[in-house]
Amino acid sequence: MSFSWARAGAILQKELRDYRRNRYVIYTMAFLPLIFLAIPIVELFAVHVPAASAKFDARIGLSLLYMLIEPAIIPSVLSAYSVVGEREQGTLEPVLATPIRREEFLVGKALAAFLPALLVAYVIFGVFLGAIALFAHPAIASAVFERDHLLIQFLFTPLVAGWSVWAGIAISTRVSDVRAAQQLATAASLPPLGIVALMQFNVITPSLGLALGFAAALLVIDGLAWRVVATMFNRERLVTGGRS
Amino acid sequence: MEQVEAPLAQAPGRASSGPSGGPSAQSAVAVEHLTKRFGDRVAFEDMSFRVGYGEVFGFLGPNGAGKTTTVRTLGTLLAPTSGAATVAGIELRPENGPAIRSRISVMPESPGLYLRLTAAENLECFARLYRLSDPHERVDRALQVVNLTERASDLCRSLSKGLRQRVALARALLSDPAVLFLDEPTSGLDPVASREVHDLIAALRDRGVTIFLTTHRLEEAERLCDRVAILNTTIRLVGRPDELRAQLFKTSIEVRLRADLADPATVFTGALGVERWETQASGSYLLTVSDPDAAAPEVARALVHAGADILAITQSRHSLEDVYLQLVDEDVEAKKR
């Protein structure tokens, strides 16, 4: 039997239905991005133009970094719940007793954390760009709409989210408590933001080549992470609670 | 693209296919010397038994006897430490896991339903995991079997424990499994809900579904199972409940008289087929016999001849519980030694 997208899709659909009826997931997905939208807008509207170049760049960088926190944090929280949450609910065993393969299960879970987070991140970034274009000082808008900034944002949003998803699922397969999984996953989601932050703050001079290089590296890490998580997914240990 | 297409009802003796070559491709489940250990701890060991297609096979044992671990092992969730088995005609090996799981269903002790999904959505998800063709129709039919069509759109969190168990049973029936593993299906249910689940299992048995039922409720096993295995980390006995009774206990008849016999030894030792006798209470005697049908008239004649007033002569019947307790007591005694 080969990989079945239908089975992965069944898990994805189940997760999305579950999110829709879980008000805590809805609140997290709605309010957290709004906070990370409001802070940079207020930040940029408060910038005095013209300002000292380094300080101005730093504020632009910080504002754009806020836009990447959401795709890092939300998927990590969702994916951290994915395996240990099912185990705590007692729903993992019936699913694992079906013909589903661990890869299908993991892909379904990963997509369920990745897709909504990506959608929300791009929508929020679109609203942010719209607000800057319409209401910010032209110098600020010009800085925000720089090609390199936009490229970093569009490129790194899915890659950061992908990292968070796999880190969250990996932790979720190993720990036995949902709260511990979510705390660890949130911490594990932050390292890629460090690299992006260095570029946004011009500590590392951003360039198209550099951004693509980092993106490719993160893509490779995301790909490898998927393999690592698949090997960490031990059906027997998950069913018995770690006796094997 | 593989898709499973099969009716919800299953006929006994259904032929099996798929990779095989283990202990038996003819039995629904065939187990030979199967052992599972977690480190130094033995979950079960040297287990051998067979379950025929269309049979309801009871797996009885006290808590910690290895019932659930056996189900998980045969359901390919756990790898055996040693031994061999075939499940639904497929050899129990790690690489055959998905193939075996596509032909069986496991209903764990806890229903494990997604509480924020409706009953129908829960079933739909599993229909897609089994890659069933026409999942909506399958879901409707499974809900019909457990009489839950009216509650299909209810969120599972709003259902009672008994109804959740019925949804879990419908979920287990979706794929029309060659073997249905039910792990303590009435655990934690009140008597009414338990009876509903018993009725559903009895209906499945009548339709020829092969059922592997673990339980520590002996009346449940006695009522529903064709054969039972009694285990306490290892199989102690396997057979029909009446066979097990005969194997462990001599048949006996109970005699109740208006008054004590003056000389019971003369009356009973003279009667044909009476091997042993003992006084239970005033006017009440328990006779061990080889053939109760032949011995009862003989005993009646002997009592009449002795001038006794007979109130009742009944065959004393040992329950499966007696068998079970006898074996558990033996295990306790063996451990003491």
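This is a predicted model: local features need pLDDT of at least 70, side-chain atom pairs count only at pLDDT 80 or more; totals for chains, interfaces and linings use all residues.
Figure 1. With 13 residues, α5(B) reaches 19 Å from its first C-alpha to its last, close to the 18 Å expected at 1.5 Å a residue. Of these 13 residues, 11 are buried, so the helix is largely enclosed by the rest of the structure. The buried residues of α5(B) are L163(B), R164(B), Q165(B), R166(B), V167(B), A168(B), L169(B), A170(B), R171(B), A172(B) and L173(B).

**Figure 2. Helix α4(B), its buried side and its exposed face.** In α4(B), which runs over residues 135-145, R138(B), V139(B), A142(B) and L143(B) are buried. These residues cover an arc of only 130° around the axis, which puts them on the same side of α4(B). An α-helix has 3.6 residues a turn, so residues three or four places apart point the same way. On the face turned away from the buried side, α4(B) carries the exposed residues H136(B) and E137(B). Among the elements that cover the buried residues of α4(B) are α3 and α5 (161-173) of chain B. N147(B), which follows α4(B), has a positive phi, near 55°.

**Figure 3. The contact between chain A and chain B.** Chain A contributes 26 residues and chain B contributes 24. On the side of chain B that touches chain A, the elements giving two or more residues are α2 (97-103) and α3 (119-129) of chain B. Of the elements on this side, α3(B) gives the most, with 5 residues. Sorted by class, this side of chain B has 13 nonpolar, 7 charged and 4 polar residues.

**Figure 4. Nonpolar cores of the model.** The largest nonpolar core has 146 residues, of which V87(B), L123(B), A170(B), V179(B), F181(B) and I211(B) touch the most other members. Helix α6 of chain A (residues 102-135) supplies the largest share of this core, 13 residues. Leaving aside neighbours within four places in sequence, V87(B) is in contact with V29(B), L74(B), L92(B), I100(B), I104(B) and V179(B). Another core, of 14 residues, lies apart from the largest one and includes V267(B), V274(B), L287(B) and A308(B). In soluble globular proteins, nonpolar side chains tend to be buried together.

Figure 5. With 29 other C-beta atoms within 10 Å, S172(A) is buried; the cut-off for a buried residue is 20 or more. Not counting residues up to four places away in sequence, S172(A) touches S79(A), A80(A), Y81(A), S82(A), V83(A), V84(A) and A181(A). V229(A) is 57 residues from S172(A) in sequence and 9.9 Å from it in space, C-alpha to C-alpha.

**Figure 6. Chain B and its two domains.** Domain 1 of chain B covers 29-245 and domain 2 covers 250-317. The C-alpha centres of these two domains lie 45 Å apart. Along its principal axes, the C-alpha trace of chain B spans about 80 × 45 × 35 Å. Chain B contains 14 strands and 11 helices, and 45% of its 337 residues count as buried. Among its contacts between residues at least 6 apart in sequence, 70% join residues at least 24 apart.

Notes. Residues are numbered from 1 along each chain as its sequence is written. Chains are lettered from A and ligands numbered from 1 in the order in which they are written. Two residues are in contact if their C-beta atoms, placed from the backbone, lie within 7 Å. Helices (H or I, at least four residues) and strands (E, at least two) are DSSP runs, numbered from the N terminus. Ala, Val, Leu, Ile, Met, Phe, Trp, Tyr, Cys and Pro count as nonpolar, Asp, Glu, Lys and Arg as charged, and the others, Gly among them, as polar. A residue is buried if 20 or more other C-beta atoms lie within 10 Å of its own, exposed if 12 or fewer, and partly exposed in between; C-beta atoms are placed from the backbone. The arc is that of the directions from the helix axis to the C-beta atoms. Domain bounds come from an automatic or database domain assignment. The expected span of a helix is 1.5 Å times one less than its number of residues. A nonpolar core is a set of buried Ala, Val, Leu, Ile, Met, Phe, Trp, Tyr and Cys residues joined through C-beta atoms within 7 Å.
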